[in-house]
Amino acid sequence: MADLHIQIDRGKGGIAGQIASELRASIRGGRLTPGTRLPATRDLAADLQVSRGVVVEAYEQLVAEGFLVSRVGVGTQVAPKSPVPKPPPEPARPQAPPAPRRAPMGQICYSYYGHRPTSPDLGHFPRERWLAAVRHVLTTVPSDAFDYGDPGGVPELREELAAYLRRVRAADVRPENLIIVGGVAQGLSLALHVLTQQGTLRLAVEDPTSHRQVPLLRRAGAHLAPVPVDEQGLDVRALSGDAVLVTPAHQFPTGVVLSPPRRAALMEWAYAGHRVVLEDDYDAEFRFDRDPVGCLQGLAPDRVILSGSVSKALAPGLRLGWVAAPPDLAEDIRRARGELDLGSPVIEQYALAHFLRTGGYDKHLRRMRREYRRRRDALVAALAQELPRITVRGIEAGLHVYLELPPGWDEEHAAEAARLLGMSAEPVGPMRHRPGREAVVVGFARLPAHRAAEVVRAWKVSMSGQAVD
């Protein structure tokens, strides 16, 4: 059994993080070699005089990162091949967007891929549990299941997802009305493809909205009509067109929730003109101050097309999402899915079905909900302390905050300064159709709580040429 020599600063807080950091450094430095067995969580907790839950959390973090492996009957060991840290990137100034700052909505789209303000912390991906799910699939699923299948998705996954959406999102959905897709983007593309086959589609969109979605929507053939968003969400009175795309549970980027009166008015609008509501349920599981509001689809399953994915809950790179559509549209979307690329990867679908069925998905969400709440609270507290003239808008939810900047601040300069400090930040200007107050969207999912104050202080210093006092 290894002697771990863990040093803890009890006055600093974040004991689990300190334990994880000490172990991580020992593994990287070679003091703890591959295969080394670690003490049981109860024994290490007694040695360090901390609660067992703190040690469990530290071990789980390192298992998720791939530094440790844990097996029943064997215990916790250093992984056979521990991750090797990549060298830090060169401190180069990121290139500015090659377009004017105030251009029509959707015309500015940053070309880089990867980390966004809505990206989760991928270090917390449940590697061991996902690997167990894949192993279960490979050892139990018959070989014929890996052949070309229903382009709408593996029946087992559709059944599990339907049950999950009914239980967690108050959806009114049946397995036969679900189509498995490669994420929300593909789901929206397929739905719009079907809707535009019926003629010209005038699609109302929120203003501001995700500037990354705008090219996708236009490429699908929709003619966009921006509609203002205020503290109650989409202004339904300003709606026009044949359909509308909304993020009602947590509007992107402002972070507001569509109010009950607006939800009722939106449903009346949809029924009155036989219109379609496209609901992007992108991060609804992460509500910190109360239970998430139910999805719109549960109110009007014959008028709403619901899109969701595991991109925020697990990882964007899995490319697993779903569309729940009214029966008459679900079959058309399923057929379009088959004509596009014959369906989604089968093994991953079975793995997700197993993950849902065995409770692993729920357990992971509960853990990440606690962690993201800590990180959001730490960032908001640091902003209140260091930059009190910044206004935090939106509800306590999701993976990002919407920050209205003080007079004299330039949003592009503020976003770039934040990115240089390791934060994920984007200016709101490219997301707007109409001018508005200078603002930035900042992701907190990858900003550990213990670093929030330090990073915000550095951001304040980097913006010292602006009007911060």
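Which residue forms a salt bridge with Asp-230? The close-ups below take that one up along with a few others. This is a predicted model, with local features taken at pLDDT of at least 70, side-chain atom pairs counted only at pLDDT 80 or more, and totals for chains, interfaces and linings using all residues. Residues are numbered from 1 along each chain as its sequence is written, and side-chain values use heavy atoms, with hydrogens and water left out.

**View 1. Asp-230 pairs up with Arg-262.** The partner is Arg-262, and the closest N and O atoms sit 2.9 Å apart. For a salt bridge, a side-chain nitrogen of Lys or Arg has to be within 4 Å of a carboxyl oxygen of Asp or Glu. The two ends belong to distant parts of the chain, 32 residues apart: Asp-230 in strand β5 (residues 222-230) and Arg-262 in helix α8 (residues 260-272). Helices (H or I, at least four residues) and strands (E, at least two) are DSSP runs, numbered from the N terminus. Asp-230 counts as partly exposed at 26% relative accessibility, while Arg-262 is buried at 10%. Here buried means under 20% relative accessible area, exposed over 50%, and partly exposed in between (1.4 Å probe, protein chains only).

**View 2. Asp-281 and Arg-169 form a salt bridge.** Their closest N and O atoms are 2.7 Å apart. This one ties together loops 112 residues apart: Asp-281 lies between β8 (276-280) and β9 (304-309), Arg-169 between α5 (155-168) and β3 (178-181). Both Asp-281 and Arg-169 are buried.

View 3. Asp-341 is partly exposed at 37% relative accessibility, whereas Arg-337 is buried at 2%. A search of the whole structure turns up 26 salt bridges.

**View 4. Four strands make an open antiparallel sheet.** The order runs β11-β12-β14-β13, and two strands pair if DSSP finds at least two bridges between them. β11 (391-393) and β13 (424-427) are the edge strands, each with a single partner, so one side of each has no neighbour in the sheet. Neighbouring strands are turned by 30° against each other on average, direction ignored (axes are lines fitted to C-alpha atoms, for helices over the stretch in contact, and angles run from 0 to 180 degrees between N-to-C directions). β11 pairs with β12 (residues 400-404) over three bridges, and Arg-393 stands opposite Tyr-402 in β12.
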